[in-house]
Amino acid sequence: MRFFPLEDSGVADDTYFVFSSDNGFHLGEYRLAQGKQTAFDTDVRVPLVIAGPAVPAGSTRTEIVQNIDLAPTFQRLAGGTVASDVNGRSIVPLLQGQPAANWRTASLIEHHGPDAADDDPDAQTARDGRPTTYEALRTASYTYVEYANCEREYYDRLADPYQLNNVAAQLPAARRAALHTALQRLRDCHTHEACWTAGHVTA
């Protein structure tokens with residue numbers, strides 16, 4: 001079987017190339033066993049590289065994009081109509097270098113389990129690197145994490161890009177309350193519009 005180049009097929013000018021991944025992965029960072037289930041950037045950030053018609057060569061965008069944005073993006077690129085109740089937003093305007101008016105400022109990160117009780121006879125005694133259940137809020141400048149065991153983490157990634165200093169306990173009470181409320185709104189939203197609104201978190 002012979003595969004013809006896109007140019008020979010006459011579709012090169014109508015083809016988009018998309019490279020991404022399903023998750024990050026840590027290999028020894030933070031003295032943790034290898035894995036992919038923490039809220040650290042090693043695990044939650046993934047590449048997204050797109051080339052194609054009307055995409056400026058060498059351009060980089062800093063807006064927060066999630067995997068739920070891929071389906072509506074592909075629909076738009078294919079000339080389809082995106083249903084009003086679809087989660088995520090098309091990033092075609094971002095690809096084309098247009099301003100990102102009112103784009104989301106935060107993403108929700110979730111992980112479930114293991115959550116075995118201390119008296120569970122099946123509880124594992126050896127730590128395997130998996131964190132307990134948590135929800136996290138990630139913006140362009142910070143990561144805030146709430147664990148099911150009531151522990152909290154806050155990393156100022158501008159001052160601490162490697163997320164080494166958890167300063168949650170040093171935050172003013174009003175700031176902690178605002179972070180908790182913002183995280184709850186993202187965690188508990190159920191409709192497309194409600195989740196899009198909840199994704200606009202102030203610094």
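Colleague: Where is Ala54 found in this model?
Modeller: Ala54 is found in the loop between β2 (48-51) and α3 (70-77). Keep in mind that the model is predicted.

Colleague: Why does Ala54 count as exposed?
Modeller: Exposed means over 50% relative accessible area. Ala54 has 53% relative accessibility, so Ala54 counts as exposed.

Colleague: What can be said about the phi of Ala54?
Modeller: Phi is positive there, about 70°, although Ala54 is not a glycine. Cys150 also has a positive phi, near 80°, and is a residue other than glycine.

Colleague: Where does Cys150 lie, and how do you know whether Cys150 is buried or exposed?
Modeller: Cys150 lies in the loop between β5 (142-147) and β6 (152-156). The relative accessible area of Cys150 is 61%. The cut-off for exposed is over 50%, so Cys150 is exposed.

Colleague: Which residues form the nonpolar patch on the surface?
Modeller: Val18, Leu48, Val65 and Phe74 form it. Together they have about 280 Å² of accessible area.

Colleague: Why is the link of Cys189 and Cys195 called a disulfide?
Modeller: The sulfur atoms must be within 2.5 Å. Those of Cys189 and Cys195 are 2.1 Å apart, so the pair is a disulfide. By this rule the count comes to one disulfide. With 105° about the S-S bond, the link is right-handed.

Colleague: How are the two cysteines, Cys189 and Cys195, classed by accessibility, and why?
Modeller: Cys189 has 16% relative accessibility. Buried means under 20%, so Cys189 counts as buried. Cys195 has 24%, which lies between the limits of 20% and 50%, so Cys195 counts as partly exposed.

Colleague: Which residues touch the most other members in the largest nonpolar core?
Modeller: Of its 13 residues, these are Leu137, Tyr142, Tyr144, Tyr154, Leu179 and Val201. The elements that give two or more residues to this core are β5 and α5 (173-188). α5 gives the most, with four residues.

Colleague: What does Val201 touch, not counting residues up to four places away in sequence?
Modeller: Val201 touches Thr105, Ala106, Leu137, Tyr142 and Ala182.

Methods: Residues numbered from 1 in each chain as written. Predicted model: local features only at pLDDT ≥ 70, side-chain atom pairs only at ≥ 80, totals over all residues. Heavy atoms only, no water. Buried < 20%, exposed > 50% of the residue type's maximum accessible area, 1.4 Å probe, protein only. Patch = residues over 30% accessible without salt bridge, like charges linked within 9 Å, V, L, I, M, F, W, Y side chains within 5 Å. Areas by Shrake-Rupley, 256 points an atom, 1.4 Å probe, with all protein chains shown as cover. Salt bridge = Lys/Arg side-chain N within 4 Å of Asp/Glu carboxyl O. Core = buried A, V, L, I, M, F, W, Y, C linked by side-chain atoms within 4.5 Å. Contact = heavy atoms within 4.5 Å.
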